[in-house]
Amino acid sequence: MISGIWYTEDHKDGVTLSLKVKETLVSKRTPFQKLDIYETEKYGTLLTLDDLVMTTTKDEFVYHELITHVPLFAHKQPERVLIIGGGDGGTAREVVKHPTVTHVDMVEIDQDVVEMSKQYMPFLSEDLTNPKVHLFFQDGVEFVKKASTAYDVIIIDSTDPIGPGEGLFNSEFYTNCLKLLSDDGILVAQAESVFNCPDWVWQTFAKLREVFPVVKAYLGTIPTYPGGLWSFAFCCKQPEVAQFFDEARYEKLQLDLRYYNQAIHRACFALPNFVQKLCQGRI
Ligand code: SAM
C-alpha cells in the first residue's frame, strides 16, 4: 500500500517493509490482481502484485539466479524448460543464458504483468521476445493438466499460495508437473519465507514429498522479501540427479552472474537446523 511517498508491505506479523517512492509509474487492477510499479529511491524499480513485493531492480538477481542456475547446472543437458508464472521476465532472462536450452514455454496467467514489465522493467523482460521463449497467457494449473511433451526443467516462479497462485501449491498440480518431467528432470519452486510464513514452507514441502521421490531445500537472502531468508524446493525422481553439478559446463560458459557460482551451488543447500526440521516435516 502506498501512503504519501512510502510504499509499505504489511508482513502480517507485526513487521512491515517500507520503501521511499519517487514516482508511481503504474497503478492498475488487472483481471487477476492489483498491479503497481513504483520508482523507489534506494531499490530502483519495484513491482508489486496485490500490494506484495514481487521484484526490485536492486535485489532481483539473487532470486532469479537461484531459481534458474541451480536446476540448470544440476541437469546434464537441459534443453526444454517450462516456467510457470515469471511474468516479470527475470527467470526467462536467466534461462536463455544456457546455450543447451532450445525451447522455453512460459505460462503466465496475467498478460498485464508481462506488458507492464516490458514497458517499465526492460532489465527483466528483455528476453521475453527471444525466439526460444514461447509465452502462454493461461492458468498454470490448467496448462500442466493438458500438456503432454516432457521438460528437462520446470521452474515455478509464482506468487504466494493465495489468490491466483493458490493452485500452484497443491498436490494435484505437483502430480501433473511430475508427469511432464523427463526421467532425469528437475522441478524447482519458490517455497516462501522460513521466518515470516513457516507454515506455508512446511505445507509446501509436505505436499512435494507426497509426489516427488527426492525433495531438497535451498536458501537465499532477498532483502525485500518478508523475513529476507527465502526457501526454494528442488525436486527430482532420481537421487543422483540431486547430487550432480555440471562443473565442465559451468567453467566453459563463464556466465557473467552477480550471485550464483559453484560455491553458492553447494552452500545454498546447507540448511540451518530449524529449516531442516521445517522442510523435512519434523516440527
Ligand atoms: N518472485 C516473485 C515472488 O516470489 O513472489 C514472483 C514473481 S512473478 C511476478 C509471479 C507471477 O506468477 C505473477 O506474474 C503472477 O501473475 C503469476 N501467477 C500467479 N498465479 C498463476 C497461475 N495460477 N498460473 C500462472 N501464473 C500465475
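Reader: How do you know that the protein chain has domain 1 and domain 2?

Author: The model is predicted. Its domain assignment gives domain 1 as 2–55 and domain 2 as 60–279. Such bounds come from an automatic or database assignment. The centres of the two domains, taken over C-alpha atoms, are 23 Å apart.

Reader: What makes residues of domain 1 and domain 2 count as in contact?

Author: Contact needs heavy atoms within 4.5 Å. By that rule, 23 residues of domain 1 touch 22 residues of domain 2.

Reader: How much area do domain 1 and domain 2 bury between them?

Author: The figure is about 1,900 Å², with 67% of it on carbon and sulfur atoms. On the side of domain 1, F32, M54 and T55 lose the most area to domain 2. Together they make up 26% of what that side buries.

Reader: Why is the meeting of K28 and D112 called a salt bridge?

Author: The rule asks for a side-chain nitrogen of Lys or Arg within 4 Å of a carboxyl oxygen of Asp or Glu. K28 and D112 meet at 2.9 Å, N to O, so the pair qualifies. Across the interface of domain 1 and domain 2, the rule finds one salt bridge. Polar contacts between the domains number five residue pairs.

Reader: Which element gives the largest share of the side of domain 1 that touches domain 2?

Author: That is β3, with five residues. Strand β3 spans 16–29. Elements giving two or more residues also include β4 (34–40), β5 (45–49) and β6 (52–56).

Reader: How many residues on that side of domain 1 are nonpolar, polar and charged?

Author: By class, there are 15 nonpolar, five polar and three charged residues.

Conventions. Residues numbered from 1 in each chain as written. Predicted model: local features only at pLDDT ≥ 70, side-chain atom pairs only at ≥ 80, totals over all residues. Heavy atoms only, no water. Buried area = accessible area lost by both parts, 1.4 Å probe. Polar contact = N/O pair within 3.5 Å; in protein donor to acceptor, adjacent residues only side chain to side chain. Helix = DSSP H or I, 4+ residues; strand = E, 2+ residues; numbered from the N terminus. Nonpolar A, V, L, I, M, F, W, Y, C, P; charged D, E, K, R; others polar.
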